[in-house]
Amino acid sequence: MDYLPLFADLKQRPVLVVGGGEVASRKIDLLLRAGAEVRIVAHSLHPELQTRHEQQQVIWLATDFVPEQLDDVFFVIAATDDTVLNAEVFEQADRRRVLANVVDDQPKCSFIFPSIVDRSPLVVAISSSGKAPVLARLLREKLEALLPTSLGTMAEIAGNWRGRVKDRLRSMTERRRFWEKAFSGRFAALVESGQHAEAEQALDDALSQHQREGGQVTLVGAGPGDAGLLTLRGLQVMQQADVVLYDHLVSDEILDLVRRDADRICVGKRAGAHSVAQEETNRLLVELALKGKRVVRLKGGDPFIFGRGGEELQAAKAAGIPFQVVPGVTAAAGATAYAGIPLTHRDHAQSVLFITGHCRPDGDGIDWATLARARQTLAIYMGTVKAAEISAQLIAHGRAADTPVAVIGRGTRADQQVLTGTLAQLDTLAQQAPTPALLVIGEVVSLHSQLAWFGHQPQADGFQRPSVVNLA
């Protein structure tokens with residue numbers, strides 16, 4: 001993040017604008033709408049600024065800039081066509097630790113103006129950190145069409161009711177849930193239709209009838225890594241959570257989508273590192289939900305495919321806690337798709353088996369003969385540690401040693417790596433792959449060279465992927 005977004009209260013605060021042309025006039029219009037005391041340094045004024053000066057809306061301070069004009073201002077804007085003067089304004093402001101913006105010169109900006117969607121008191125600001133202002137403007141235009149003009153009125157009414165809601169509902173969590181319902185229910189619909197008195201009556205009714213909600217648990221599949229694969233329902237639930245328990249497999253990009261003021265607790269398991277016991281995770285889910293929290297259990301991939309989601313919901317069920325499940329894209333589907341490896345293909349595989357490389361110590365023995373059958377695809381989760389055993393057992397039970405295999409490390413993420421070779425080379429590939437990694441065994445892997453699409457642009461001599469290692 002190149003710039004920290006802030007909303008500043010400029011009412012009655014002095015702001016200096018160096019320049020009096022059309023560009024300066026546009027900036028000053030924004031400043032006046034925010035209530036700033038605008039001081040102008042310019043040799044001449046644009047007609048609109050001249051009118052504002054005559055109406056005493058702005059102060060024409062001087063014709064020439066001197067550094068002392070910066071001593072008591074909140075920030076300064078340089079909007080002249082004199083690059084030397086603009087640079088001097090920035091340097092003098094920087095020395096005094098006064099925020100400065102040189103129009104259309106991003107390196108000489110300690111703050112920047114975003115594109116604004118104004119639904120006052122609701123304001124949406126969009127910025128490209130000065131890199132692509134036209135892109136920010138286009139996005140603003142899209143948001144202008146999406147956000148109804150009634151949002152400002154809705155926010156104004158809500159502001160008037162905040163005190164009453166706070167007096168009636170002592171818990172911050174309860175107040176948040178009350179407003180979530182209001183902004184997506186009858187109150188919002190009435191405001192949008194212009195029935196403001198009826199909207200306030202709806203708020204009064206909702207407040208008098210409000211009952212405290214109990215806690216609940218929601219299992220959410222975060223997918224294999226790419227935030228674009230998170231479901232819309234998953235995002236909605238994450239934005240409503242009071243607390244999120246997440247795994248190491250959940251990418252940072254997805255964690256960034258969690259509601260900002262939600263508590264986050266890592267309960268992940270990682271080979272060779274300290275892990276939270278499953279029983280402790282179950283206990284936490286129950287304990288937090290019994291306190292009335294909306295608990296989201298965020299799991300990599302899909303929570304019901306090697307995610308132990310069923311065990312966690314059994315604990316919630318035993319404690320009488322309501323729960324729901326939001327499925328996710330499992331790693332075998334997501335990682336192979338991003339690697340250009342179809343799990344089934346009529347010329348190569350008529351079935352696919354999802355297998356875990358970790359089994360219960362007291363579990364039944366693995367049916368290697370079934371796994372070794374030809375013309376089927378094996379997608380093996382958490383199998384890198386036992387790759388040597390997997391390779392040896394499959395070959396011993398009849399699978400050809402030259403069967404194509406792939407190890408997909410950090411599948412669907414920007415740093416995805418796909419290592420391909422043969423079944424005999426599986427252990428070597430697994431040792432080289434970054435984690436988390438998925439093992440794929442079967443003839444469909446041969447299609448990777450034709451169908452790989454993610455991560456790199458085609459080169460002059462064809463589609464190449466520098467992240468791919470082929471040991472075949």
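This report describes the nonpolar core, a surface patch, the cysteines and some backbone features of a predicted model.

## Nonpolar core

The largest nonpolar core holds 20 residues, and those that touch the most other members are Ile390, Leu394, Leu426 and Ile441. Two or more residues each are given to this core by helix H14 (368-371), strand E14 (377-381), helix H15 (387-396), strand E15 (404-409), helix H16 (426-432) and strand E17 (437-441). Ile390, once its neighbours within four places in sequence are left aside, is in contact with Trp368, Ile380, Gly383, Leu426, Leu439 and Ile441.

## Surface patch

In soluble globular proteins, nonpolar side chains tend to be buried together. On the surface of this model, however, Met1, Leu4 and Leu6 form a nonpolar patch, with about 440 Å² of accessible area together. Leu4 is placed in the segment before strand E1 (14-18), and Leu4 counts as exposed because its relative accessibility of 62% is over the 50% cut-off.

## Cysteines

The count of disulfides comes to zero. Cys109 is buried, at a relative accessible area of 10%, whereas Cys266 is partly exposed, at 30%.

## Backbone features

A cis peptide bond, with omega about 5°, joins Ser120 and Pro121, and Pro121 is found in the loop between strand E6 (115-119) and strand E7 (122-126). The peptide bond from Thr435 to Pro436 is also cis, with omega near 0°, and Pro436 lies in the loop between H16 and E17.

Ser129, although not a glycine, has a positive phi of about 60°; this residue lies in the loop between E7 and helix H4 (133-146) and is buried, with a relative accessible area of 14%. Phe306 likewise has a positive phi, near 55°, and is placed in the loop between strand E11 (294-299) and helix H12 (309-318), where Phe306 is partly exposed at 35% relative accessible area.

Definitions and conventions. Residues are numbered from 1 along each chain as its sequence is written. This is a predicted model: local features need pLDDT of at least 70, side-chain atom pairs count only at pLDDT 80 or more; totals for chains, interfaces and linings use all residues. Side-chain values use heavy atoms; hydrogens and water are left out. A nonpolar core is a set of buried Ala, Val, Leu, Ile, Met, Phe, Trp, Tyr and Cys residues joined through side-chain atoms within 4.5 Å. Buried means under 20% relative accessible area, exposed over 50%, partly exposed in between (1.4 Å probe, protein chains only). Helices (H or I, at least four residues) and strands (E, at least two) are DSSP runs, numbered from the N terminus. Contact means heavy atoms within 4.5 Å. Patches are made of residues with over 30% relative accessible area and no salt bridge: like charges are joined within 9 Å, nonpolar side chains (Val, Leu, Ile, Met, Phe, Trp, Tyr) within 5 Å. Accessible areas come from the Shrake-Rupley method with a 1.4 Å probe; for residues, only the protein chains shown count as cover. A salt bridge is a side-chain nitrogen of Lys or Arg within 4 Å of a carboxyl oxygen of Asp or Glu. A disulfide is a pair of cysteine sulfur atoms within 2.5 Å.
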